[in-house]
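Please look over the sequence and the structure shown below. The paragraphs after them go through the fold part by part.

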Amino acid sequence: MGDSGRAASRTAVLVCQGRAAAHGRAGTDRFSDPVAAELLRDAERGPVDEVRADSAPQGWHQRTRYESVRACAEVVVPRTIAIDEALRTHATGQLVILGAGLDTRAWRLPELARTDVWEVDHPASQQDKRARLADAAAGLGAPDDGDRPSPTRPERTGLPVLARSVRFTPVDFAVDDLGTALAAHGHDASAPTTWLWEGVVPYLTREQVRATLAALAARTAPGSALVVNYQTPSARAAAGRLLTRLLGSSVTSGEPWRSLWQPRQMAALLGEHGLRLVSDDDLLSVTPALTGPAHRRASLQSGRVAVAESG
């Protein structure tokens, strides 16, 4: 529980478990995340190991956790592939990750070697991630030179950072201003920025989505790009998500979806904030040969990654 009384995101943990479960097993020519497992607690690695071994456990609770991680892995692989390729194409010297959760890109993408990365998240979730990084550092025997981090200096972790720098930027959108927080942590609004907004939009109201877009647009210089992941309405996907919750998966029960967008609505919204849509693809198109349960295919069809550029 963070200082504000809000707990760290459980969805972020599930997504990290999904990436860890898929590493080396799915989309190996385009997907890899060797860092994800390093951020998991021992108890969180259990269902990951079971999924990797294709060993479904006995017991209702254990089987539910197993199925949640397996389903997440199937969705997160094409989503990660689509976003990583977009970041490589639209790279700038500044990358701001909104709702970073347990994102690992600064630790696994060599293409970020000349990029400063700002990880923006709620203080509780960010505190949890930094604790996990510290645990990983202890496990790797990282040296402690006594340096104290500052808003504009990279922080030391035991996991090797491949980005030029990582700057943790805690923001509670209920009380904090995004622009003020980024400025305080060294973000240059006059230079091109790549914005990444993954796995967050469905959990926000439409008003919150618009407010966040307005805040980032105010700090978006020409030559910038936005990579945004969002969900479209899908009766089958909604039914599958509801069924999972009713059957006892409490991992993300306190984090419901609040807004779904049609592609034309998202394009119009981005246009209102000076962003021109370049591409907008559903996740199933990233893995056209996918086979699996129909409800997972529906989840991939309803999940989308859009890329927009500033004029």
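Contact here means heavy atoms within 4.5 Å, and axes are lines fitted to C-alpha atoms, for helices over the stretch in contact, with angles from 0 to 180 degrees between N-to-C directions.

The model is predicted, so local features need pLDDT of at least 70 and side-chain atom pairs count only at pLDDT 80 or more, while totals for chains, interfaces and linings use all residues. Residues are numbered from 1 along each chain as its sequence is written, and side-chain values use heavy atoms, with hydrogens and water left out.

The protein has 10 helices and seven strands. These are DSSP runs numbered from the N terminus, with helices (H or I) of at least four residues and strands (E) of at least two. Two strands count as paired if DSSP finds at least two bridges between them.

β2 and β3 run parallel and are joined by six bridges, with F168 of β3 as the bridge partner of E119. E119 in β2 is also the bridge partner of I97. Five bridges join β1 to β2 (residues 116-121), and these two strands run parallel. To β4 (residues 194-197), β1 is joined by four bridges, again parallel, and W195 in β4 is the bridge partner of V96.

Is β1 covered on its faces, or open? Five of its five residues are buried, where buried means under 20% relative accessible area, exposed over 50% and partly exposed in between (1.4 Å probe, protein chains only). Q94, V96 and L98 are buried on one side, and L95 and I97 on the other. In a regular strand the side chains alternate between the two faces of the sheet.

The largest nonpolar core has 49 residues, of which L95, W107, V117, L159, L196 and V227 touch the most other members. A nonpolar core is a set of buried Ala, Val, Leu, Ile, Met, Phe, Trp, Tyr and Cys residues joined through side-chain atoms within 4.5 Å. Among the elements that each supply at least two residues are α1 (10-22), α2 (42-52), β1 (94-98) and β7 (303-310). α3 gives the most, with 11 residues. Leaving aside residues up to four places away in sequence, L196 touches several residues, including I83, L87, L95 and V227. A second, separate core of 26 residues includes V120, L178, L182 and A306.

Over the whole protein, buried residues make up 48% of the 311 residues.
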